[in-house]
2 protein chains.
Amino acid sequence: MSKQSGLTKANRIVVDAMGGDYAPHEVVKGAVESSTKFGIEVILVGQPEAIQGELSRYTYDSTRLRVHPAEETIGMDEDPIRAIRRKKNSSIVVGMNLVKEGEAAAFVSGGSTGAVTAGASLLLGRKKHISRPALGVTFDSLNGPVMLLDVGANADCKPHHLVQFAEMGNIYMGKIFNIANPRIGLLSTGEEDFKGNKLTSSTHALLAKADINFVGNVEGQDIPKGGADIIVTDGFTGNVVIKLAEGMGEVLMRLAGGSKNGHSVIEAAKTRVLNHTAGALLLGVNGNVIITHGKSNADAITYSIYLAEQMIEQGVTEAIGN
Amino acid sequence: MSKQSGLTKANRIVVDAMGGDYAPHEVVKGAVESSTKFGIEVILVGQPEAIQGELSRYTYDSTRLRVHPAEETIGMDEDPIRAIRRKKNSSIVVGMNLVKEGEAAAFVSGGSTGAVTAGASLLLGRKKHISRPALGVTFDSLNGPVMLLDVGANADCKPHHLVQFAEMGNIYMGKIFNIANPRIGLLSTGEEDFKGNKLTSSTHALLAKADINFVGNVEGQDIPKGGADIIVTDGFTGNVVIKLAEGMGEVLMRLAGGSKNGHSVIEAAKTRVLNHTAGALLLGVNGNVIITHGKSNADAITYSIYLAEQMIEQGVTEAIGN
């Protein structure tokens, strides 16, 4: 990232300083780094004293990094919709409203996925033609980046939802990873058209007619192997997939604990294949929303902020429609 | 395995010599080993010339290992039900009929999962009270063996199917792994009861009332971590899980290819966590049926035959009911 220009409110990114297991420490650190190294304009939203306490450790340009107060926080175990409706002064609601009011163009949070998703739908609103916003992650496969969506916003899906996921993924992978005509696969239980469940069977027929590069059914192994650039699935299956991948990474690290070399090999492989370090993107709402992993450190936060900036610059949200 | 007694037809195991990527070579090798080392009585079913050609490499006890002819084979891409109905002289149909007629007590095959499953349902028949036979695999988690079912026999499931899967898994893990009162989890998207999709939500209520040790919802990471002894899910999700796990193992091996030490660490970890070497068990039919992995080598075949023998000795199929 080279740009030092364009520091208008159209490029500002709101970062939820209170979201994630290592908030506010790692979040503030990542925000400072994004601002100082990459010249990104950041608004840290959250409890001012806590944020200022962290900020006092660093030298930063206050024209590019400022604090916006939000006294409340939404816990990981709170009912998402109720929390968004009641906690008007929470970092998620206040941050999302800054995007809604045009004070910033993206919201980055490591808070409750449910609360951020609900907040985006309720406060920013969904795109008119998108029935269900979707959460997407990208895995770094043997064959380049692979986007998987939905990974948890919609546990029960209809075939046309998956078609919309494919169309949104198509725009995202084209604009962010510069993949022309990305290969879109439908996660199923066999390559043959007839394999799968009722949902994939009906979805297959719709995807085949859609104006995308549909390559047919793909299977579980195609995620790490990169059998498609975009893999669509219902949010239940997608959520099981990302948690299994993450769990396997953790378990492999523990098993390799006794061997330093083995440990480093697995660490590298894990980072490469099993992780989705950029967090999840919420596509289909009126704003760029990135949900970072709850365990994000400063580097992961910085990467998510960078990605948010790319989404703004490439106009991902606008390209999806109104 | 120590027993040298009980070599009656009640303990015989039919092995499909034609099933799997390395058939008949590795299958025959595994069958010979099971017979000579462990004293298991094996019937190899398939093309006699091909089997005899392989058998000529070994010394074996012909009272414990014999060949039963079946000239046809069922390919991996054939429609399962049609193939079972038409190819009466295929190794799968002939082998399954040997079990049906009481000539043997178990059938082990590395052939098409769909064909073996269809053959078992059509020829052996399902247990009266089991609506849907299920395919189960066991993973070796950080916390001991974890059984996952269904992994592909039933892409679309109803809540009561998953309850039956839990009950069958309960018997299997109790008898084969000697786990008293195994912890049974429902694969979902969050630990909280309300998390998941419509299927898990209805299933959760039924499992809570069933006479099993139901520990609630578990998530993807609980498979490698061993968050339950038995994890039930629909066959679509389960199939995605086993293929993802297998694909990750392969990809990790390739990434670690440059480092000998790293390679061996990943190999060990992969064997431990990512594999389900024993193949899949088909529970809920009138017979012990094991579907070995298509890529099984002789050791994996031997292990599957050993497992079949354990299922016979422990009376798993009988314990599930009539």
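In which loop of chain A is A:Asn178 found? This predicted model places A:Asn178 in the loop between H6 and strand E7 (183–187) of chain A. Phi of A:Asn178 is near 60°, a positive value in a residue that is not glycine. A:Asn178 has 8 other C-beta atoms within 10 Å and is therefore exposed, the limit for that class being 12 or fewer. The loop between H6 and E7 of chain A also holds A:Asn181. A:Asn181, again not a glycine, has a positive phi of about 55°. With 11 other C-beta atoms within 10 Å, A:Asn181 is exposed.

In chain B, H6(B) is followed by B:Asn178, whose phi is positive and near 60°. H6(B) itself contains 18 residues and reaches 26 Å from its first C-alpha to its last, close to the 26 Å expected at 1.5 Å a residue. Its buried residues are B:His161, B:Leu162, B:Val163, B:Gln164, B:Phe165, B:Ala166, B:Glu167, B:Met168, B:Gly169, B:Asn170, B:Tyr172 and B:Met173.

In chain A, the loop between strand E6 (144–149) and helix H6 (159–176) contains A:Asp150. A cis peptide bond joins A:Leu149 and A:Asp150, with omega of about 5°. In chain B, B:Asp150 is found in the loop between strand E6 (144–149) and helix H6 (159–176). The peptide bond from B:Leu149 to B:Asp150 is cis, and its omega is near 0°.

A:Thr189 is placed between E7 and helix H7 (198–209) of chain A. Is A:Thr189 buried or exposed? A residue counts as buried when 20 or more other C-beta atoms lie within 10 Å of its own; A:Thr189 has 23 such neighbours and is therefore buried. Setting aside its neighbours within four places in sequence, A:Thr189 is in contact with A:Lys195, A:Gly196 and A:Glu219, and also with B:Gly152, B:Ala155, B:Phe236 and B:Asn239 of chain B. A:Thr189 and A:Asn217 are 28 residues apart in sequence, and their C-alpha atoms are 7.9 Å apart in space.

Helix H9 also takes part in contacts between the chains. Helix H9 (residues 235–255) of chain A has 21 residues. H9(A) reaches 30 Å from its first C-alpha to its last, close to the 30 Å expected at 1.5 Å a residue. Of the 21 residues of H9(A), 18 are buried, so this helix is largely enclosed by the rest of the structure. How do H9(A) and H9 of chain B cross? Their axes come within 10 Å and cross at roughly 30°, and the crossing is right-handed. On the side of chain A, the residues that meet H9(B) are A:Thr237, A:Val240, A:Val241, A:Leu244, A:Ala245 and A:Met248. Their partners in H9(B) are B:Thr237, B:Val240, B:Val241, B:Leu244, B:Ala245 and B:Met248. By class, this contact has 10 nonpolar and 2 polar residues, with no charged residues. An α-helix has 3.6 residues a turn, so residues three or four places apart point the same way.

Helix H1 (residues 25–38) and helix H11 (residues 298–314) of chain A pack at an angle of about 50°, with their axes 7 Å apart. That angle makes H1(A) oblique to H11(A), and the crossing of the two helices is right-handed. H1(A) contributes A:Glu26, A:Val27, A:Lys29, A:Gly30, A:Ala31, A:Glu33, A:Ser34 and A:Phe38 to the contact. H11(A) contributes A:Ala298, A:Asp299, A:Ile301, A:Thr302, A:Ile305 and A:Tyr306. By class, the contact of H1(A) with H11(A) has 7 nonpolar, 3 polar and 4 charged residues.

In H4(A), 9 of the 10 residues are buried, so the helix is largely enclosed by the rest of the structure. These buried residues are A:Ser91, A:Ile92, A:Val93, A:Val94, A:Gly95, A:Met96, A:Asn97, A:Leu98 and A:Val99. Their cover includes strands E1 (13–16), E2 (42–46), E3 (65–69) and E4 (106–109) of chain A, together with helices H3 (80–86) and H5 (113–124) of chain A. H4(A) is followed by A:Gly102, whose phi is positive, near 85°.

Definitions and conventions
Residues are numbered from 1 along each chain as its sequence is written. Chains are lettered from A and ligands numbered from 1 in the order in which they are written. This is a predicted model: local features need pLDDT of at least 70, side-chain atom pairs count only at pLDDT 80 or more; totals for chains, interfaces and linings use all residues. Axes are lines fitted to C-alpha atoms, for helices over the stretch in contact, and angles run from 0 to 180 degrees between N-to-C directions. Helices (H or I, at least four residues) and strands (E, at least two) are DSSP runs, numbered from the N terminus. Angles under 35 degrees count as roughly parallel, over 145 as roughly antiparallel, 65 to 115 as roughly perpendicular and the rest as oblique. A crossing is left-handed if the near helix is turned anticlockwise from the far one by less than a right angle, and right-handed if clockwise. Two residues are in contact if their C-beta atoms, placed from the backbone, lie within 7 Å. Ala, Val, Leu, Ile, Met, Phe, Trp, Tyr, Cys and Pro count as nonpolar, Asp, Glu, Lys and Arg as charged, and the others, Gly among them, as polar. The expected span of a helix is 1.5 Å times one less than its number of residues.
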